Amino acid sequence: MLNKMKTDYMGWIFLIGIVLLILEISFKGGGLLFSLAFSIGLIYLGRKFSKRTIGKILFFIGIISLIITVLNMFVFRFFLIAILIYLLLLYYQSKKILIGSIPF
């Protein structure tokens with residue numbers, strides 16, 4: 001049962017990732033896809049030649065460029081704003097409960 005649960009979560013994560021990628025393509029075009037593919041290619045080559053120095057350099061350049069590309073995505077920024085709003089709502093609700101529980 002635990003194995004099925006892990007598979008379900010991975011399926012949902014994959015599905016959400018595809019939907020977010022489609023949203024990103026519809027908002028900004030396919031420019032980021034090339035950058036993502038290039039970064040993934042560098043990571044792949046870096047892992048393939050990981051015994052050599054050039055492999056390690058390619059791997060870290062790929063990781064850095066992948067992080068920069070993901071941080072520049074519109075969907076990632078939207079997701080961060082949604083998390084911030086959610087945390088602010090939780091903070092407001094916790095303060096409201098604390099203020100309401102103070103006897104005067």
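Reply: Thr69 lies in helix H3, where helices are DSSP runs of H or I with at least four residues, strands are DSSP runs of E with at least two, and both are numbered from the N terminus. Because its relative accessibility is 5%, Thr69 counts as buried, a label for values under 20%, with exposed meaning over 50% and partly exposed lying in between (1.4 Å probe, protein chains only). Leaving aside residues up to four places away in sequence, Thr69 touches Leu32, Ser35, Leu36 and Ser39, a contact being heavy atoms within 4.5 Å.

This is a predicted model, in which local features need pLDDT of at least 70 and side-chain atom pairs count only at pLDDT 80 or more, while totals for chains, interfaces and linings use all residues. Residues are numbered from 1 along each chain as its sequence is written, and side-chain values use heavy atoms, with hydrogens and water left out.

The pLDDT, the predictor's confidence in each residue from 0 to 100, has a mean of 79 over the protein chain, with 82% of the residues at 70 or more.

Of the contacts in the protein chain with a separation of 6 or more, 44% come from residues 24 or more positions apart.
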